[in-house]
Amino acid sequence: MILALALVIVLGTTAGAVGFGRRAGTGPSLVNWAVGGRRFGAVLFWFMNAGEVYTTFAVLGISGYAYALGAPAYLAFTSVSLSYAIGYWLMPRIWRAGRAHGLITQPDFFAARFDAPWLGVVTGLVGIVALVVYVQIQLVSLSLIVQLTMGNAVSPGAAVIVGAVLMVGFVLLAGLRSAAFSAAVKDVLMIVVVVLLSVTVAGKVGAASPLDVFRLVEEAHPGIGKFPGLDPSSPTTSVWLMTSALSVALGNWVFPHLFQISYAAHSATAIRRNAIWQPLYSLAYFFIILLGFAALLAGTTPRDGNANGALLQFVSDRYPAWVIGLVAGTGFLLAMAPGAALLLTSGSIFARNVLGPFVGELSDRAALRASRLGMVGFAAVAVWLTIGNTESLVDILLYAYSAIGMLAPSVFLGFLWRRTSAIGVLAGIVAGFVALLAPFATHFWTTHLPEWEPGLLAMMINLVVAVAVSLVTPGPSAAAIEVGLPPTAEAVPAPAHTPAGGGADGT
């Protein structure tokens, strides 16, 4: 029954998503496949955007972090609120640049704004690396869910491969519009699952009410609700919370898939409405942390000691088969919808910005073929990185944000400072990665600033170097500067090389 119900949810949503994507599409082009024809109204953009922010990380990662450490899971609240405050300002500017200049991928922006096609190749490679790391989160989650539904019939490694095949198969069928449809379904199901588990969890752990769970877990594990959490030696203090939340917020909309989703919006108004109201979703984290604490209180032992599976194991131990099936099916969608957009974006960047400059401009058909082949290859790399990895989903997330954070200073400078040069951007990226990855740098951070998020420190060094080098190197042309700093910000011409037509809000 568990597997049957999960399959019904997944297959039903997939069929609906494919039908929706093909019905609303206007032909097999990279624009339609990668940015949905630039026609996402407020409703559809809401679900697509939320689908990329509220993934399996939101449910399994945060509940697992609460189970393993406690208070550090509060990172979810602070990072989401800060992200949308920044997104309200940044995303409409990304949308305007994409629509006015026919941009499809994030590296298109770098190449156009800094007047340097080669910079598109460099930032494309950085973006792909960050996306592949991010795909790991979805694959780890999918593998846990596959094991939940199939039991001991599959090994952890086989479960990762099965999850990757499901994800690739899903995205190959249609493109971004299909991912948006499945994101809408999974958002509704996520709310249903979280509410269902939260209102019944007290009875499963002997508490008088859901709020009583917090009292009981504090009595059983004193200090769990304070920083640094269950492990007194952990660097997860309040300083870690603030620096990690800021690193996530500054890097969030710089991720290539969210950059690309901004291009897909029908209007800046649709984007701003989302930025105002979507932080309400973060209230769900209160209940997700509650479920992580309940799993700890119940003495749940996740399979292979992997805290990422604590909630799944708790549900498997304490709930009937139909609830387990509902959770498994929802979990599949929570991983596949965002995973599809991540892989789709990596494939688009590979075809357009990494391969294209070396082989010449590709036809739509050739670009689609190269994009899909690249996507399969990146999924294989993500599988290789995932097999045997039992790190917390929160840790994997912070790795991904550290990588993409190396592009954040140049994105913000591109919309704020006319003088920013391509050489300055490159120098900042190189300096940032040295500060992030060089052994002497990592030793210094862990020895002298152990509570600080390394990604934020590297981002600050990146910014200083980018500004300093830009001051002594030639800046971009006036036409390139206008990509990020137009003479009149509100005057948005019809998109170059893409359909200017709209569609009703929510289509």
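Modeller: Methionine 242 counts as exposed, because its relative accessibility is 54% and the cut-off for exposed is over 50% (buried is under 20%, partly exposed lies in between, with a 1.4 Å probe and protein chains only). The model is predicted, so local features need pLDDT of at least 70 and side-chain atom pairs count only at pLDDT 80 or more, while totals for chains, interfaces and linings use all residues. Residues are numbered from 1 along each chain as its sequence is written, and side-chain values use heavy atoms, with hydrogens and water left out.

Methionine 242 belongs to helix α11; helices here are DSSP runs of H or I with at least four residues, strands are runs of E with at least two, and both are numbered from the N terminus. The C-alpha atom of methionine 242 is 9.8 Å from that of glutamate 451, although 209 residues separate the two along the chain.

Serine 247 also has its place in α11, which covers residues 238–252. Serine 247 is buried, at 1% relative accessible area. Beyond its neighbours within four places in sequence, serine 247 is in contact (heavy atoms within 4.5 Å) with Tyr401, Glu453, Gly455, Leu456 and Met459.

A pocket is an open set of points on a 1 Å grid over the protein atoms alone, with protein on both sides within 12 Å along at least five of seven lines; a 1.4 Å probe fits at a cavity's points but cannot get out, and lining residues have an atom within 4 Å of a point. The second largest pocket holds about 340 Å³ of space, a volume being the space filled by probe spheres set on grid points joined across faces, edges and corners. Its lining has 17 residues, and those closest to the centre are Asp395, Leu398, Tyr399, Glu453 and Pro454. Two or more lining residues come from each of α18 (393–404), α20 (422–437) and α22 (454–471). Helix α18 gives the most, four residues.

Of its 507 residues, 60% count as buried. Among contacts with a separation of 6 or more, 86% join residues 24 or more positions apart.
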